[in-house]
Amino acid sequence: MDLIIKNANVWRGVDAKPWIGHLYMADGCFVAPPADDLAPSDAVETIDAMGCLCVAGFVEPHIHLDKAHINEDVRANVSGTLDEAIEIIWERKRAYVVEEIAERAGRVIRSALANGVTRIRSHVDVDNIGGLRPLEGVAEARRRHRDVMDIQIVAFPQEGILKNKGAEKLMWQAMEVGADVVGGMPFNEKHPQDSARHISIAFEIAKAFDADIDMHVDETDDVGARTLEMLAEQTIEHGWQGRVTAGHTCALAGYDEDYANAVIALVREAEIHMITNPATNLMLQGRFDAQPKRRGITRVKELLAEGINVSFGQDCVKDTFYPFGRVDPLEVGLITAHAAHMSLPQEVEQVFDMQTNVAARVIGLVDYGFAQGCAADLVILDAKSAGEALCKQATRNTVIKAGRVIVERKIQQDWRWTPAK
Ligand SMILES: [Zn+2]
């Protein structure tokens, strides 16, 4: 036995009862189901969690590692919109060098790890401006951090596939040289027919590589954006149910009730996973609205009510879209709770589930959780419950990756004051 965590308050899901017991790890995996009895063992190390909440590693399902930290050396996004954010990147992207991308991405990966994230899915731009350099840079960062972070890379044609000359060829190449998932941004084409073709090309590539699909969908206030419906229809047509994810889907919030309900029913039939990115979209959307301004995020509660997997992602870290971000799922979870009106005790638990079990399902992890044989990833939080962890943005006391302690925090707070009697 390599490592035992005693008195772990194991977070297992929304409806699971609180349970405190012991976790056993060896060779990078949980070697036994969580146990009530502490078996005598020759473990190399034992950590007493003292009843603190233990999570099987947070999962960050939607981030852009290639763009992180570029706001340090580009002009400001004056309109605050998605369009201007994309435009500003063009010039910076032409100057991209693989090493500096790897360095910026590496900073973000370590920040995520310190916050208890042990798995990441990152989109990387694929277009005729930066070519495959963003992919090469993030792949290099992934190589450097391979023993502490699992990273999936999505080939992301942010400039469109038809609209951006050469992007289709680059998408095929990206999948050949190391991308895992086929991305997309179908609304960023000139005509709805081109958006449909954009999605078809993604399916052609996904089928050739037996890959999942994860697209940026209708990230706009324009309720005329209807590519979520197209994506759901094609998912069913191609038999790719359960293998497709749609991020952002801001326009869905603005549809009239009948159309929104019809699209949600289709999303459910297509078993599409949804990711909301409230930090970025609260910042970007509704910029041209008169008061009251729209909240900018998708219909989270309506999707959850239909049993659809809904997770959330950080999306942006200090880039042209969003000036903040430190890949802290507790921070983005708290923003999600506010933005999606999730305030009941059950809903707060649901928020916590979105960054753990649900996010793991969204990005297709098969070794996530505490069962025997699952990867021994673990975060011990300075909190006793999910609600407390979100409320106080709990300290991550210990972060364990594949059975190895990677981050440990020892904070002592001494009070030099006592309340008056
Ligand atoms: Zn994104």
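Helices (H or I, at least four residues) and strands (E, at least two) are DSSP runs, numbered from the N terminus. The views below show a predicted model, where local features need pLDDT of at least 70, side-chain atom pairs count only at pLDDT 80 or more, and totals for chains, interfaces and linings use all residues. Residues are numbered from 1 along each chain as its sequence is written, and side-chain values use heavy atoms, with hydrogens and water left out.

**View 1. A cis peptide bond in a loop.** Let's start with Pro-292, found in the loop between helix H9 (278-284) and helix H10 (300-305). The peptide bond between Gln-291 and Pro-292 is cis, with omega about 0 degrees. For context, most peptide bonds are trans.

View 2. His-62 (NE2), His-64 (NE2), His-216 (NE2) and Asp-315 (OD) coordinate the zinc ion at 2.1 to 2.2 Å. Donors here are N, O and S atoms within 2.8 Å of the metal (3.2 Å for Na, K and Ca); water is not among the atoms, so sites may look incomplete. Angles among the 4 donor atoms run from 87 to 178 degrees, and the site is irregular. Along the sequence, the donor spacing reads H-x1-H-x151-H-x98-D. His-216 sits in strand E10 (residues 213-217) and Asp-315 in the loop between strand E13 (310-312) and helix H11 (329-339), so this pair ties together parts 99 residues apart in sequence.

View 3. E10 pairs in the parallel sense with strand E9 (residues 181-184) over 3 bridges and with strand E11 (residues 244-248) over 5 bridges; pairing requires at least two DSSP bridges. Met-215 is the bridge partner of Gly-184, and Ile-213 stands opposite Val-244.

**View 4. Two residues with positive phi.** Asp-218, in the loop between E10 and H6, has phi near 50 degrees and counts as buried at 2% relative accessibility. His-248, in strand E11, has phi near 70 degrees and is buried too, with a relative accessible area of 1%.

Definitions and conventions: Tetrahedral: all angles 85-135°; square planar, octahedral: opposite > 155°, others 65-115°. Buried < 20%, exposed > 50% of the residue type's maximum accessible area, 1.4 Å probe, protein only.
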